[in-house]
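Hi there,

Here is the structure I promised to pass on to you. Please open it beside this email, and then read on for what turned up in it.

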Amino acid sequence: MNKDLEKLAPSKQSAAKNLFAAFEILKQEGGQLLGKQVIDRIRDKNDLTDWEKEVYEKTGYIRWESILHFYTIDAIKAGYLRKNKGIWYLTEEGEKAISLGPAKILETASKLYRTWAADKKEGKYLNNNNSNDEPIELEENKTQSQKANLDLLEEQAIAGIKDFIRNKNAYEFQDMVAALLRAMGYHTPFISPKGKDGGLDIIAYNDPLGATTPRLKVQVKHRPDSSVPVDDIRSLTGLLNKDGDIGLFVTSGAFTSESERSARESHRHIKLLDINNFIELWQEFYNKMEDEDKNMLPLHPIYFLGSNE
């Protein structure tokens with residue numbers, strides 16, 4: 001073990017090595033990854049002790065995962081990480097911090113967090129060097145523990161939704177896209193039947209007759225494990241041949257950076273929805289859906305006490 005790590009208490013040793021691994025994994029993945037996938041990669045990458053793999057009786061969470069989530073709050077306040085809708089993002093500052101090594105990353109992130117907390121006049125930050133420290137259970141760190149646990153729950157929820165979508169077939173996902181458009185107020189007179197290959201998958205209008213603009217021409221790709229290439233975006237652009245036509249490309253995966261650039265620079269209006277955008281819109285318009293459409297991806301909202309941070 002690194003000598004700097006050996007000087008740390010067990011929970012901080014765990015936090016340092018696993019936070020460092022998270023940074024390295026995110027860098028390898030281009031700077032972003034679903035939180036659950038980061039956790040899975042760390043589990044395969046790092047040698048976790050039996051102590052780290054124990055489960056907290058109070059929460060049912062695995063110790064090392066809880067500790068890592070707790071300390072990601074420090075990394076976020078330090079400007080090294082961002083989290084949104086279950087996805088972890090490594091910032092430019094976070095990528096530079098990798099050169100510090102595991103122990104120094106944790107030390108620096110904690111110092112910056114304390115500075116942030118002092119500015120907020122909260123005075124509730126981690127400052128515990130006891131060899132038996134258990135940050136998840138410290139009374140003075142309830143706010144940070146609560147935020148870490150909420151992040152964990154959100155990541156688990158998003159991961160579950162993505163797994164549900166992944167298990168749909170291409171036509172089921174296409175029907176889900178059409179359901180979302182109807183909830184947003186569009187009419188969907190055309191949904192591509194099974195067996196049809198190529199061309200448009202959905203046409204959506206503002207009114208039943210399609211007399212008013214915009215008129216959406218939609219392509220849907222169910223590719224949860226890949227990114228849509230630029231050629232597919234260009235193909236959709238070529239189908240926008242009427243004034244008032246807008247292209248919408250929806251995927252259960254992601255888009256390449258070249259695809260995103262092509263959509264931005266296109267002389268036609270092209271909107272791209274990746275799986276994260278799709279889930280956000282499904283959540284936003286869920287209450288406006290017919291029951292039959294809701295059943296394609298049923299959600300159950302639960303409200304937790306948040307924080308003012």
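One cavity of 30 Å³ or more is found in this predicted model. The space inside the largest cavity comes to about 40 Å³.

Which residues line the largest cavity? They are Lys85, Ile158, Lys162, Asn276, Ile279 and Glu280. Two helices, H8 (142-166) and H12 (275-285), supply at least two lining residues each. The most comes from H12, which gives three residues to the lining.

Why does the largest cavity lie between domain 1 and domain 2? Domain 1 (10-165) and domain 2 (168-296) both give residues to the lining, so the cavity lies between them.

Now to the charged side chains. How many salt bridges does a search of the whole structure find? The search finds 19, and here are some for you to look up.

Start with glutamate 54 and arginine 63, whose side chains meet in a salt bridge at 2.6 Å, N to O. Is each partner buried or exposed, or something in between? Glutamate 54 has a relative accessible area of 41%, so it is partly exposed. Arginine 63 is at 10% relative accessibility and therefore counts as buried, because buried means under 20%.

Next, take a look at arginine 223 and aspartate 232. They form a salt bridge in which the closest N and O atoms are 3.0 Å apart. Arginine 223 is partly exposed, with a relative accessible area of 29%, whereas aspartate 232 has 18% and is buried.

Then there is the pair arginine 234 and aspartate 231, with a salt bridge between their side chains at 3.6 Å, N to O. Where do these two residues lie? Both are in helix H10 (residues 230-237), three residues apart, which is about one turn of the helix. Arginine 234 counts as partly exposed at 47% relative accessibility, and aspartate 231 counts as partly exposed at 49%.

Finally, salt bridges can also be followed through a group of residues here: Lys36, Asp40, Arg43 and Glu65 are linked in a network of them.

Happy exploring, and do write back with any questions.

Best wishes

Methods
Residues numbered from 1 in each chain as written. Predicted model: local features only at pLDDT ≥ 70, side-chain atom pairs only at ≥ 80, totals over all residues. Heavy atoms only, no water. 1 Å grid on protein atoms, 1.4 Å probe; cavity = no way out; pocket = protein on both sides within 12 Å on 5 of 7 lines; lining within 4 Å. Points joined across faces, edges and corners; volume = space filled by probe spheres on them. Helix = DSSP H or I, 4+ residues; strand = E, 2+ residues; numbered from the N terminus. Domains from an automatic or database assignment. Salt bridge = Lys/Arg side-chain N within 4 Å of Asp/Glu carboxyl O. Buried < 20%, exposed > 50% of the residue type's maximum accessible area, 1.4 Å probe, protein only.
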